[in-house]
Amino acid sequence: MFSTLRQSMAWVHTWFGLVLGFLLIVIFFFGSLSVFDREIDRWVLPETRFEPQIMPSYEGILEQAFNHVAPETDELAAAKMRVEGELPEQLQIMNWGAYTTHRDPTLYLYAEYAVPNNPNDPFDHIHGYATIDPRTGAFLPKDHLKIGSEFFYPMHYRLYLHWENLGYIIVGVAALIMLVALVSGVIIHRKLFREFFTFRRHKHTQRRVLDLHNMTGVVALPFHFFFAFSGLVIFAYIYLPVSATVLQTPAFAAAQEEAKDKGLAFAPAGQSAAIASVDTMVVAAKRLWSERGMPGDVGYLFVNHPGDINSYVSIYRAGRDAVSLVGQGIHFNSVTGELIYQDPDPTAISIINEFLTGLHLQHFEHWLLRWLYVIGGLMGCICIATGFIFFVEKRKRDSQQVTTVRWVDAFAVTSITGMLLATMAILVANRLLPVDLEHKGSWEIRAFFMVWLLSLGHAFWRSNIVAQGLISPAWREQCWGVALLSVLAVLLNWTTTGDHLLKTLFNGYWPVASMDLVLLTLSGLSIKVALSLRQREGDALLLMEQG
Amino acid sequence: MSRSSGLAPLYLIDRIASSMVGGYLFVWGFTTLGITLGVWLGMPYLEAQTLLYLLAFLVYASVFCWGFTVQRTAVVWTVLAGGGVAMTLLGWCLGRFYLT
Amino acid sequence: MNEFILLSLTLVSCYTGMSWLALAMKSHWLQLRVKRDFTSIKATVYRILGAASLCGALVLCLQVDHPSIAFLVWIMSMVVAAKAVGLTLSYRATWLRPLAIIN
C-alpha cells in the first residue's frame with residue numbers, strides 16, 4: 001500500500017485517529033470528570049453534602065435496608081418476557097452487597113434476584129439497586145441522579161448506551177485503536193526527544209497546533225498508553241468472552257473446583273437458616289487484616305444466598321492506601337459465623353493485574369495523584385482536539401476536500417465546545433429542575449443530549465465559511481455559551497443551596513468548593529479563548545482578502 | 001504524505017478489515033489457546049485467563065500495525081484470521097477433551 | 001503537613017529536573033538568552049543534573065506513600081512537570097535563567 005513503514009503508519013494515525021478521535025475525546029473528557037465523580041455527586045445532590053462514612057452495622061442498618069431493596073421495574077418486565085409461565089410474587093434472593101470508599105458519604109447497595117423457569121439460562125437473575133444514608137438507613141430517592149458516578153462515569157466506559165453491550169464494545173474498539181494511534185504516532189514522529197519540550201507558539205497555525213499535539217501526546221505518553229491498556233484489561237471479559245463461549249466447559253469446571261477447594265458453596269441448599277452476627281464477622285475480619293500487617297476498613301461486604309444454610313459472607317478490605325482494589329477478602333459461614341477461607345497472598349500475575357486495574361479505577365486516597373490524573377486526561381483531550389484542528393487547517397485551502405473539512409470542523413466543534421456546553425447544561429438543569437420532580441434524573445439527561453444536539457446543529461450551520469479558509473464562528477460563539485453557563489451553574493448553586501463559594505471555602509467543604517472553583521476557572525478560560533478567537537478570525541479574514 | 005484520495009473504497013475496506021477484524025480473530029485464538037495451554041501446564045484457570053488478558057491487547061496493537069505494513073491483504077487475512085481460527089479450534093479441542 | 005511539604009518538593013524537583021533536561025538541548029538553551037556558549041559538556045552535565053533531580057523526586061515520593069502509589073505519583077508528576085516546562089519555554093523562557101547554573 002505504501003512504500004515505507006512511516007507512510008503507512010502516518011495514514012493509519014491520521015484516518016483512524018480522526019474517526020475514532022471523536023469517540024476518544026468523549027471517553028477522555030468524561031474519564032477526567034470521573035476522577036472526581038463522587039465530588040460532582042455532592043454538588044448535584046445537596047442532601048448528600050456530609051462527611052464520608054464507614055460501612056455501617058449489618059444488624060443495625062444494612063439488613064433492614066437490603067430487605068427493602070426491590071428488583072428494578074424495567075429488569076422485572078424484561079424477565080417476564082423470557083420465562084415460561086408466571087414469575088413468583090417474591091423472587092428468591094441470590095445475593096446482596098454493599099460497597100463504599102473513603103470518599104462516599106452515602107452507601108451503595110445492590111441485590112440479585114433469581115429468575116426461575118428460564119429455559120435458556122438456569123442462573124438467570126435480575127438486579128435491584130439503592131443508595132442509603134448509612135447513618136440512618138434512609139433511602140435516597142431513585143429520581144435523584146448521581147450525575148458524577150451514574151452519568152459521567154458510565155458515559156466514560158460505555159457512552160451511556162444501554163442496549164446489550166454495544167456501548168462497552170464501541171469504547172473497547174476506540175481504546176484498541178488508541179493503542180494503535182499511540183504506536184503509529186511514535187513511529188511517525190521522528191524528533192520524539194528533540195521536540196519533547198517544543199511549542200513554537202508564534203509560528204503559523206499548522207506548526208503551532210502540531211507542536212501542541214505532539215507535546216501533549218508524547219509528554220503524557222505513559223499516561224495515555226497505560227490508561228488505554230488498563231481500561232481494556234478491566235473489561236477484557238466483555239471484549240474477549242472466551243470463558244463464556246469457546247471455553248465454557250473448562251471454565252465452569254474450574255469455577256466449581258475452586259469453590260469446592262475454598263469451601264464456598266456454589267448453589268443454595270434450599271434449606272433456610274438464620275444468619276449469624278455479621279458485625280462480629282466484620283470485627284474478626286479487621287483483626288485478621290491487622291495480624292497480616294494491613295489494618296483497614298471494610299470496602300465491600302457481600303452475602304451469598306442469605307437465609308440459606310449454604311450462605312456465606314465475604315468481607316473485603318477498602319484499598320485506600322495502595323493501588324490495588326478491594327482485596328484480601330475473608331469469607332465466613334453465615335450460619336455459624338466460622339471463618340471458612342481467607343484470600344491468599346496474590347500471585348505475581350495477580351499483582352500485575354491488580355496494579356493495572358487499580359491505577360485506572362482509583363480507589364486509593366491521594367488528592368494530588370487525582371489532580372495529576374485530571375491534568376493528564378485533559379492533556380489527552382488537548383492532544384485529540386489539536387489533532388482535529390491540524391487536520392482541518394492542513395486541508396482548509398484545498399478545494400478538493402471542502403466537504404470533508406467542513407464536516408470535520410463541525411464535528412470538532414460539537415465534540416469540544418459542544419460537549420462542554422452539554423456538561424454545563426446538565427449541571428444547570430440539575431439546579432433549575434424541582435427537587436421532587438418525577439424522573440428528575442431522566443430530564444437532566446435529556447437536557448444534556450438536547451443541548452449537545454443543538455450544538456451540533458449550530459456548528460454545522462456556522463461552518464460553511466471554513467470552505468473559504470476562514471475560522472468558523474461556532475467555536476467562539478459556543479465558548480461564550482460555556483462561559484455563561486458555567487457562571488450560571490455557580491450562581492444557581494448559591495441561590496438553590498446557600499452553599500456559596502466563600503462559605504464552602506471557609507468551612508473547608510472541598511467537594512463543592514472545588515467544583516465551583518473549577519467552573520469559574522472554566523468560565524475565565526472560555527472568555528479568554530473566545531476573545532483570542534475573535535482576533536484570529538479577523539486575521540484569517542485579512543489573510544484571505546489579501547491572498 | 002499519502003495519496004489517500006486515490007485509494008478505492010473497496011480496497012480501503014479490505015485493508016482496514018484485514019487488520020481490525022483479522023487482528024481480533026487472531027487475538028481471540030491467541031487468548032483461547034493461551035488459556036488452555038496455561039491450564040495444561042498447571043496454572044489455575046483464572047490465573048491463565050488473567051495472564052492472557054494482559055497479553056491480548058498488546059498482541060492486537062502489534063498485529064494490527066503489522067497488517068498495514070504488508071503489501072497484500074490476502075497475506076494479512078491468511079495469517080491473522082486463518083491463524084486465529086486455527087488457534088481457536090486447537091484451544092477448544094484442548095479445553096473440551098483434555099482439561100475436563 | 002509533612003506530606004504536603006514532601007509532595008510539593010516532589011513537584012519542584014520534577015520541574016527543575018525537566019528544566020535541566022531541556023537546557024541540555026541547544027534550541028532551548030538559546031531561548032534563555034544566557035550570553036554563554038552551548039557546549040556538549042554543558043549538555044551532559046545538565047542531563048546528569050536533570051536525571052538526578054528526577055530520581056530525587058522518586059525518593060521523595062517513596063517517603064510519603066506505599067511504593068505502588070509513589071511510583072504513579074512520580075510518573076504523573078514528571079508528565080505534568082514536562083508540560084509545564086514546555087509551556088514556560090514557550091511563554092516565559094527567561095524565567096528559567098536561574099536554573100542555568102552551569103555556564
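C:Cys55 is partly exposed, with a relative accessible area of 47%; on this scale, buried means under 20%, exposed over 50% and partly exposed in between, for a 1.4 Å probe and protein chains only. The closest cysteine sulfur to that of C:Cys55 belongs to C:Cys14 and lies 10 Å away, too far for a bond. This is a predicted model, in which local features need pLDDT of at least 70, side-chain atom pairs count only at pLDDT 80 or more, and totals for chains, interfaces and linings use all residues. Side-chain values use heavy atoms, with hydrogens and water left out, residues are numbered from 1 along each chain as its sequence is written, and chains are lettered from A and ligands numbered from 1 in the order in which they are written.

Over all chains, the structure holds zero disulfides, a disulfide being a pair of cysteine sulfur atoms within 2.5 Å. A:Cys381 is in no disulfide either, and the nearest cysteine sulfur, that of A:Cys383, is 9.9 Å away. A:Cys381 counts as buried, at 10% relative accessibility.

Strand β4 (residues 298-304) of chain A has seven of its seven residues buried, so it is largely enclosed by the rest of the structure. Strands here are DSSP runs (E, at least two residues), numbered from the N terminus, and two of them pair if DSSP finds at least two bridges between them. Strand β1 (residues 93-99) of chain A pairs with β4(A) in the antiparallel sense over five bridges, and A:Ala98 stands opposite A:Leu301 in β4(A). Strand β5 (residues 312-317) of chain A is joined to β4(A) by six bridges, and these two also run antiparallel. Here A:Val298 stands opposite A:Arg317 in β5(A).

Grid points are joined across faces, edges and corners, and a volume is the space filled by probe spheres set on the points. The count comes to one cavity of 30 Å³ or more, and the largest cavity has a volume of about 50 Å³. Ten residues line the largest cavity, and the closest to its centre are A:Thr100, A:Thr101, A:Ala318, A:Gly319 and A:His363.

Between chains, contact means heavy atoms within 4.5 Å. Two pairs of chains are in contact, and chains A and B share the most contacts. No contact joins chain B and chain C, whose closest C-alpha atoms lie 18 Å apart.

Terms used: 1 Å grid on protein atoms, 1.4 Å probe; cavity = no way out; pocket = protein on both sides within 12 Å on 5 of 7 lines; lining within 4 Å. Helix = DSSP H or I, 4+ residues; strand = E, 2+ residues; numbered from the N terminus.
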